[in-house]
Amino acid sequence: MKQKVAATLLVLTMSSGLISTVQADSAAGSTTGNTSASISGTSSAAVISKTASVTGQALPPLTLKQAAEWAQTNSYNTRTAERDVERRRIEFKNAEKDLGNAFVDFIDGEYVGDESSWRNYNSSTLSYLASKKQAQFAKDQIYFNVMKSYQSVFVAENQVKNNLEALEIAQAEEKIALAKFARGKLSEYAKNESTQARSQAEQTVEQGKIALQKSRDALNFLMGQPNGTAYEMVDRPVYKEPKKLDIEIHIQQLMDMNPNLWKLEDSIKTSELNVRYFDFNSGAGAYDLAKMDVDTAKEELDKGQKDFAESLRNLYATVKENQKKYAQLEESLRTAKEGLELSRKKWARGLIIELELKNNQLKVDQIERQMEELAIELSQNEYTLSKPWST
């Protein structure tokens with residue numbers, strides 16, 4: 001009967017959801033969770049062939065999901081967090097056993113006897129739940145880092161393509177300059193400038209290829225793959241207009257899910273436990289400090305919640321702004337394509353030189369790549385909005 005009363009008092013001091021969660025998890029021996037996150041992606045033969053042409057070789061395909069799985073397996077932080085979950089679970093179970101063996105009596109509803117067992121049990125409960133939150137946090141963080149690294153390869157590939165097209169134009173301009181110089185219609189200085197521009201364009205191409213491999217190696221590092229390994233990234237983000245969102249409701253929904261805020265809540269509970277089970281042999285002054293710790297922890301939680309809400313509002317504003325930018329790029333692309341089509345007709349009739357046609361084609365290509373990179377940024381914004389603690 002005494003143990004039943006003790007259990008009732010414990011439930012009154014801590015949320016029933018917290019206790020039931022721990023007991024259900026420990027009974028099942030559950031120590032890990034799965035991270036599920038996705039972004040809009042597509043793979044087309046046209047896109048793949050363009051990317052492969054940058055490297056000049058066929059590459060093994062790699063999905064974002066596979067990259068994330070390799071990175072999770074390779075991650076020291078993830079492995080450490082999972083081991084910590086198991087350690088905390090064992091500590092909780094041991095504390096639970098000690099609690100069942102402890103002598104507890106009551107006088108006017110107050111604990112008399114082995115309070116250290118109750119304190120240890122409550123403390124291990126909080127630590128176990130905190131470790132589970134931390135493990136999920138580690139997985140979400142790894143996934144986001146992989147997403148950024150994976151998608152940075154697309155940006156680097158686009159830059160190589162831009163550099164190659166710029167080199168092609170520089171070569172064409174040099175060819176024209178040399179022809180004019182041979183006919184005495186261009187100064188040697190102007191000819192040399194053209195040659196230097198072409199040489200600089202070649203160097204830029206090589207630098208872009210090095211940057212591309214560096215971006216690939218950054219992903220290889222996360223996945224535990226050797227440097228120099230190259231894959232065909234098949235999950236290219238495509239623009240999809242974000243769903244309408246009531247940001248204030250969204251903020252409230254994420255408050256309870258945020259592991260960083262959960263830590264602050266845990267700090268409040270821990271401080272309250274310190275007050276509840278205070279050892280008065282430490283002196284009255286120390287008790288006052290323990291109570292101050294509770295107030296400080298509550299203030300930190302309040303500040304953390306406000307900062308979290310404001311960061312989400314700012315991020316949502318960024319998403320809305322990026323949507324506007326994408327619409328503007330769509331209009332610019334339409335205009336550039338019209339200009340390209342007109343230049344093709346003029347070139348076919350011999351009214352313009354091929355160089356002008358190439359420049360108009362470059363404009364179209366660069367806008368399309370800007371749109372792809374903005375789609376990448378929006379996909380990362382979308383993930384951050386759903387799991388802001390991962391960044």
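## Chat about helices, cores and salt bridges

Me: Hi! Which residue forms a salt bridge with E165?
Reply: R369 does, and its closest N and O atoms to E165 are 3.2 Å apart. A salt bridge here is a side-chain nitrogen of Lys or Arg within 4 Å of a carboxyl oxygen of Asp or Glu. R369 sits in helix α11 and E165 in helix α6, so the pair ties together parts that are 204 residues apart in sequence. Helices (H or I, at least four residues) and strands (E, at least two) are DSSP runs, numbered from the N terminus.

Me: What should I know about the model and its numbering?
Reply: This is a predicted model, where local features need pLDDT of at least 70 and side-chain atom pairs count only at pLDDT 80 or more, while totals for chains, interfaces and linings use all residues. Residues are numbered from 1 along each chain as its sequence is written, and side-chain values use heavy atoms, with hydrogens and water left out.

Me: Thanks! Are R369 and E165 buried or exposed?
Reply: Both R369 and E165 are buried. Buried means under 20% relative accessible area, exposed over 50%, and partly exposed in between (1.4 Å probe, protein chains only).

Me: How many salt bridges are there by that rule?
Reply: The count comes to 23. One of them joins the side chains of R236 and E157, at 3.5 Å from N to O. R236 belongs to strand β6 (residues 236-237) and E157 to helix α6 (residues 115-182), so this pair ties together parts that are 79 residues apart in sequence. R236 and E157 are both buried.

Me: And K306 with D302, where do they lie?
Reply: Both are in helix α10, four residues apart, about one turn of the helix. K306 counts as exposed, at 54% relative accessibility, and D302 as partly exposed, at 37%.

Me: Which residues are linked in a network of salt bridges?
Reply: D84, R87, R88 and E91 are linked that way.

Me: Switching to α8: which of its residues are buried?
Reply: In α8 (residues 247-255), those are I247, H250, I251, L254 and M255. They cover an arc of only 140° around the axis, which puts them on the same side of α8 (the arc is that of the directions from the helix axis to the C-beta atoms). Q252 and Q253, on the other side of α8, are exposed.

Me: What caps its N-terminal end?
Reply: D246 caps α8 there, with a side-chain oxygen 3.2 Å from the backbone nitrogen of E248.

Me: OK, the largest nonpolar core: which members touch the most others?
Reply: L312 and L385 do, out of 28 residues. A nonpolar core is a set of buried Ala, Val, Leu, Ile, Met, Phe, Trp, Tyr and Cys residues joined through side-chain atoms within 4.5 Å. Helices α8, α9 (259-276), α10 (284-348) and α11 (354-386) each supply at least two residues of this core. The largest share, 13 residues, comes from α10.

Me: Last one: where is S390 found?
Reply: S390 is in the segment after α11. S390 is buried, with a relative accessible area of 0%. Leaving aside neighbours within four places in sequence, S390 is in contact (heavy atoms within 4.5 Å) with D140, Q141, F144 and Y383. The S390 side chain also reaches the backbone oxygen of K387 at 2.7 Å.

Note on methods
Polar contact = N/O pair within 3.5 Å; in protein donor to acceptor, adjacent residues only side chain to side chain.
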